[in-house]
Structure formats: structure tokens, C-alpha cells
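Here are some notes for a colleague who is new to reading structures. Please keep the sequence and the 3D view open while going through the points.

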Amino acid sequence: AVERANLLNMAKLSIKGLIESALSFGRTLDSDYPPLQQFFVVMEHCLKHGLKVRKSFLSYNKTIWGPLELVEKLYPEAEEIAASVRDLPGLKTPLGRARAWLRLALMQKKMADYLRCLIIQRDLLSEFYEYHALMMEEEGAVIVGLLVGLNVIDANLCVKGEDLDSQVGVIDFSMYLKSDDDIGGKERNVQIAAILDQKNYVEELNRQLNSTVSSLHARVDSLEKSNTKLIEEVFFSFMDAEAELQTYKHSRQGLDEMYNEARRQLREESQLRQDMENELVVQVSMKHEIELAMKLLEKDIHEKQDTLISLRQQLDEVKAINMEMYQKLQVSEDAMKERNEIIGRLEDKTNQINAAMKQLEE
């Protein structure tokens with residue numbers, strides 16, 4: 001836990017110092033820029049914390065290239081950077097490839113995104129790190145969050161010609177030991193105490209050596225001049241510290257504004273994405289409803305087509321029955337005509353018989 005806290009503090013100092021110096025530098029950073037070199041050293045120590053010792057063919061090794069190489073499987077856009085690292089000539093060790101990967105990720109301004117997708121997959125990281133490693137704990141997430149601020153930096157690093165295999169990753173703590181107000185006050189107190197001691201010594205000599213009054217007066221004058229000069233130097237150093245503090249405050253204010261603007265844009269994009277997802281859900285539900293209505297309409301059309309076919313069959317049957325009835329009606333009408341003719345003939349014969357019977361009766 002103490003190691004993680006120390007590494008987190010060093011990462012904060014390194015990232016903060018790099019951003020501040022880069023903003024004041026005002027140009028594209030290159031490989032020889034000392035704060036940038038120290039940043040890569042600190043990141044290398046952070047990634048090495050808690051690494052498991054893996055057994056190779058000939059010996060045991062401990063490298064950060066394993067988890068970094070895993071990023072391309074989790075983040076499709078990282079395939080290009082991994083392929084570029086493998087194709088670089090002159091890199092013979094996994095550590096050299098890991099250092100080249102960090103530099104390329106910084107130039108792409110994707111280091112925070114790559115490492116974020118890595119720390120989320122703790123089950124995969126457990127193959128490379130111990131349970132207490134920095135990348136497995138909250139400190140790793142904090143460092144990844146701090147890396148987002150590096151997107152304001154433009155870096156132009158020549159990875160191809162740099163000897164990354166044999167570099168020694170040693171953190172230079174002197175870069176982070178700045179002279180603030182407390183340190184300046186202590187130095188001023190020490191200087192004033194030294195001046196007072198000298199003055200007391202001169203006064204003691206003045207009391208003891210009355211014969212050398214003139215020389216002591218000259219020495220006191222020189223001490224007073226040096227005292228004034230020292231006070232002026234302390235004052236100027238204090239003013240320089242104040243100016244540096246104001247510069248830091250301005251740069252910090254600018255970074256806070258950039259951070260707030262980035263958070264606002266992130267919230268807007270998140271809200272826009274949520275609205276798009278909600279609209280997509282509505283569109284999908286409408287599509288399902290339309291598909292269901294189409295299926296019901298197709299089913300209704302098929303049923304009506306079946307009914308229409310059945311009605312046509314019934315109509316054909318009715319037409320056949322009507323034709324048959326019409327034919328039977330024609331036959332019946334012909335039979336009726338024949339019967340009517342027979343009846344007429346029979347009536348004529350009956351009338352004739354009646355007339356003949358009347359005649360016979362008469």
C-alpha cells in the first residue's frame with residue numbers, strides 16, 4: 001500500500017510537472033525533453049509494480065510488454081500501434097517494445113483510453129499482476145484518470161532511432177524538489193542567523209581588541225553591506241517564488257477550465273448518446289409492431305383469398321345448378337306445351353262426343 005501511494009504521488013507530480021512545463025514551453029515536445037523522459041520512467045515503474053515473475057524457456061523474466069500487448073485484443077484501434085512496435089527495427093527486448101508502445105500511445109493521445117480498457121479487465125490482468133499491484137487497485141484508475149490531461153500535449157518522438165532496450169529507468173527526484181515559500185524562509189533564517197553570529201563575533205572582538213577599532217569598523221561596514229546584499233537576494237528569491245506561484249496558479253486555473261470544459265462535453269455527449277439509444281429503442285419497438293401488423297395483414301389477405309376462392313367455387317356450383325334448372329325448366333315447358341295440346345285435342349273430342357250423345361239422345 002505504501003509503494004502504491006508513493007508511485008501515485010510520483011505519477012501526480014510527473015504528469016502535473018509535464019503539463020505545466022509543456023504549456024509554458026509552448027512547442028511540440030521531443031524525446032530529449034527532461035520532464036517527458038521522467039514521465040516515461042515513472043509510468044514504467046507504475047506498470048512494473050506487482051508484476052508476476054513469468055517463467056520463459058531459459059529463465060524467469062518480469063516485463064510489462066505482456067499486459068500492454070493484451071490491449072490490442074481489448075481495443076481494436078490499438079492493433080495498429082502494436083503492429084508498429086513489432087515492426088520497429090533494433091528492438092530486441094520486451095521492455096524496449098513496451099517503452100516504444102508508451103511513446104507511440106502518447107503521440108496518438110490514446111494512452112488513457114488504452115490503459116482504461118486494460119484495468120477494467122481485472123480477470124485478464126490477474127495473469128500478469130499480483131492482487132496487490134497498482135494496476136489492480138484504485139491507484140491505477142486514478143493514474144489513468146490523470147493521463148487524460150496529457151491529451152493537451154503535442155509530442156513528436158522519434159522512436160525508430162532511439163535505443164530503448166538499454167535505457168536505465170531511474171527517477172530523478174531533484175526535478176520535483178521545488179523551492180517554495182517554506183524552503184525560502186528556512187534559507188533566509190539560516191542566512192540571517194549566520195549574519196547575526198558574525199555580527200556578535202565582531203562585537204566581541206571589538207570589546208576585546210580596542211586597539212583595532214578602525215579595522216573592526218571597516219569590517220562591520222562590509223558585513224552590513226553583505227547583509228543588505230543578502231537581504232536583497234532573499235527578497236528577489238522570494239519575489240521569484242511568488243512569480244512562480246502565480247504562474248502555477250494561472251496554469252492550474254487554465255487546466256481546471258480545460259478539465260471542466262472536457263467534463264461538460266463528456267456530459268453532453270453522454271446525454272446525446274442516451275437520447276440516441278432511447279430513440280433507437282423506440283424505432284426498434286415500432287419496427288417490431290410494423291412487422292407484427294404486416295404479418296397480421298398477410299394472414300388476413302390469405303384468409304380473404306381463401307374465402308374468395310371458396311365463393312368463386314360456390315358461384316360456379318350455383319351457375320351449374322342454375323344451368324341445370326334452366327334446362328329442366330325448358331324440358332318442363334316443352335312437356336307442358338305437349339300436355340296443353342293433348343288436353344286441347346281431348347277437349348275437342350269431348351265436345352264432339354257430347355254433341356254426338358245429344359244427337360243420339362234426340
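1. A residue is called buried when its relative accessible area is under 20%, exposed when that value is over 50%, and partly exposed in between. Please keep in mind throughout that this is a predicted model.

2. With that cut-off in hand, consider helix α2, which covers residues 34-48. Of the 15 residues of α2, 11 are buried, so the helix is largely enclosed by the rest of the structure. The buried residues include P35, L36, F39, F40, V41 and V42, and also Q38 and E44. Helix α2 spans 21 Å from its first C-alpha to its last, which is close to the 21 Å expected at 1.5 Å a residue.

3. R103 lies over the face of F40, at 4.3 Å from the ring centre.

4. The aromatic rings deserve a point of their own. A pair of aromatic rings is described by the distance of the centres and the angle of the planes. The count for this model comes to 4 aromatic pairs.

5. Are W101 and Y114 buried or exposed? W101 is buried, having a relative accessible area of 1%, and Y114 likewise counts as buried at 1%. Together with Y75, W101 and Y114 form one aromatic cluster.

6. Between α6 and α7 there is a loop, and K109 is placed in it. Most residues other than glycine have a negative phi. The phi of K109, however, is near 60°, a positive value in a residue other than glycine. K109 is partly exposed, with a relative accessible area of 31%.

7. A last point concerns the surface, where V282, M286, I290, M294, L297 and I301 form a nonpolar patch with about 540 Å² of accessible area together. M294, one of these residues, is in helix α11, which covers residues 213-361. M294 has a relative accessible area of 43%, so it is partly exposed.

Terms used:
Residues numbered from 1 in each chain as written. Predicted model: local features only at pLDDT ≥ 70, side-chain atom pairs only at ≥ 80, totals over all residues. Heavy atoms only, no water. Phe/Tyr/Trp six-rings, centres within 6.5 Å; stacked < 30°, edge-to-face > 60°. Buried < 20%, exposed > 50% of the residue type's maximum accessible area, 1.4 Å probe, protein only. Lys NZ or Arg CZ within 6 Å of the ring centre and 35° of its normal. Patch = residues over 30% accessible without salt bridge, like charges linked within 9 Å, V, L, I, M, F, W, Y side chains within 5 Å. Areas by Shrake-Rupley, 256 points an atom, 1.4 Å probe, with all protein chains shown as cover. Salt bridge = Lys/Arg side-chain N within 4 Å of Asp/Glu carboxyl O. Helix = DSSP H or I, 4+ residues; strand = E, 2+ residues; numbered from the N terminus. Expected span 1.5 Å × (residues − 1).
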